[in-house]
Amino acid sequence: MRVANVLTTLFVVFACCEAFVAPSRSASYFGRSVAGALPKSPGLQMSAFDGIKEPVQSYVDIWTPLFKQASESGLLPDFLLHWGHGAAMATVLLSMGVIGAYMGWQIRFGNGEEVTPLTLGDTIREAHPKIIGGAFFFFLLGGQGGLVLLDTQGQSILESPHAMTAALSVALLATQAVLPKFLLLRMES
């Protein structure tokens, strides 16, 4: 429980502060813009994803020509190219994520053995890992789609604040999935 709270706090701090984004050359302090506030250093331009950028880019390059061709031929409208990833991820979060979170809290409150219309005949305790596992799977697929759509639009991949928050979110979801396994091992010994 404490580990999950610490990880959640770190996620919120990093996401809100944009700690992994290289700062710009002009900074704003108390509403005043100060040009050249940071010294010029090539180290400031590093990204947390520099080690994996080339392999990810080569994977994205497999799919980008197909999406560019579909966009140029009119099969893929511009609004869908721009907003498709956000709409798909919001759908997963607001459907599977909310239902899974609700089920998780019901299990914590001691209602895990109930059968509800959301569980389709399973108990809440049985349905929760299936729903959250499906959400995790779709978030991983959506991340790949988001990278391909960014590259199709000519934007650089893995350099936005969203790339870091998405990676942290998936890492926290994976950590949350693994924690019960460690707790079971600890309880058995």
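Entry 1, fold. I counted five helices and two strands in the protein. The model is a predicted one, and I kept that in mind throughout. Reading from the N terminus, I noted the order of elements as α-β-β-α-α-α-α.

The exposed surface comes to about 13100 Å², with carbon and sulfur atoms supplying 68% of it. I then turned to contacts between residues at least 6 apart in sequence; 59% of these join residues at least 24 apart.

Which residues make up the largest nonpolar core? I listed nine: Phe49, Val56, Val60, Leu147, Val148, Ile157, Leu158, Ala163 and Met164. Three helices each supply at least two residues of this core, namely H2 (53-73), H4 (124-152) and H5 (161-188). As background, I noted that nonpolar side chains in soluble globular proteins tend to be buried together.

I took Lys53 and Glu159 to begin with; their closest N and O atoms are 2.3 Å apart. I recorded both partners as partly exposed, Lys53 with a relative accessible area of 24% and Glu159 with 45%.

Next I looked at Arg125 and Glu113, whose side chains meet in a salt bridge at 2.9 Å, N to O. Arg125 lies in helix H4, while Glu113 is in the loop between helix H3 (78-108) and H4; the two are 12 residues apart, and the pair links distant parts of the chain. Arg125 is partly exposed at 41% relative accessibility, whereas Glu113 is exposed at 54%.

The remaining entry under this heading is Asp122 with Lys130, a salt bridge of 2.7 Å, N to O. Is Asp122 buried or partly exposed? I have Asp122 down as partly exposed, at 22% relative accessibility, because the cut-off for buried is under 20%. Lys130 counts as exposed, at 53%.

Entry 6, aromatic pairs. I found two aromatic pairs in the structure. Trp105 and Phe109 form a tilted pair, 5.7 Å centre to centre, with 40 degrees between the planes. For accessibility I noted Trp105 as partly exposed, with a relative accessible area of 46%, and Phe109 as exposed, with 57%.

Why is the pair of Phe137 and Phe138 edge-to-face? I read the angle between the planes of Phe137 and Phe138 as 65 degrees, and planes over 60 degrees apart count as edge-to-face. Their ring centres are 5.5 Å apart. Phe137 is partly exposed at 47% relative accessibility, and Phe138 is also partly exposed, with a relative accessible area of 38%.

Methods. Residues numbered from 1 in each chain as written. Predicted model: local features only at pLDDT ≥ 70, side-chain atom pairs only at ≥ 80, totals over all residues. Heavy atoms only, no water. Core = buried A, V, L, I, M, F, W, Y, C linked by side-chain atoms within 4.5 Å. Buried < 20%, exposed > 50% of the residue type's maximum accessible area, 1.4 Å probe, protein only. Helix = DSSP H or I, 4+ residues; strand = E, 2+ residues; numbered from the N terminus. Phe/Tyr/Trp six-rings, centres within 6.5 Å; stacked < 30°, edge-to-face > 60°. Contact = heavy atoms within 4.5 Å. Areas by Shrake-Rupley, 256 points an atom, 1.4 Å probe, with all protein chains shown as cover. Salt bridge = Lys/Arg side-chain N within 4 Å of Asp/Glu carboxyl O.
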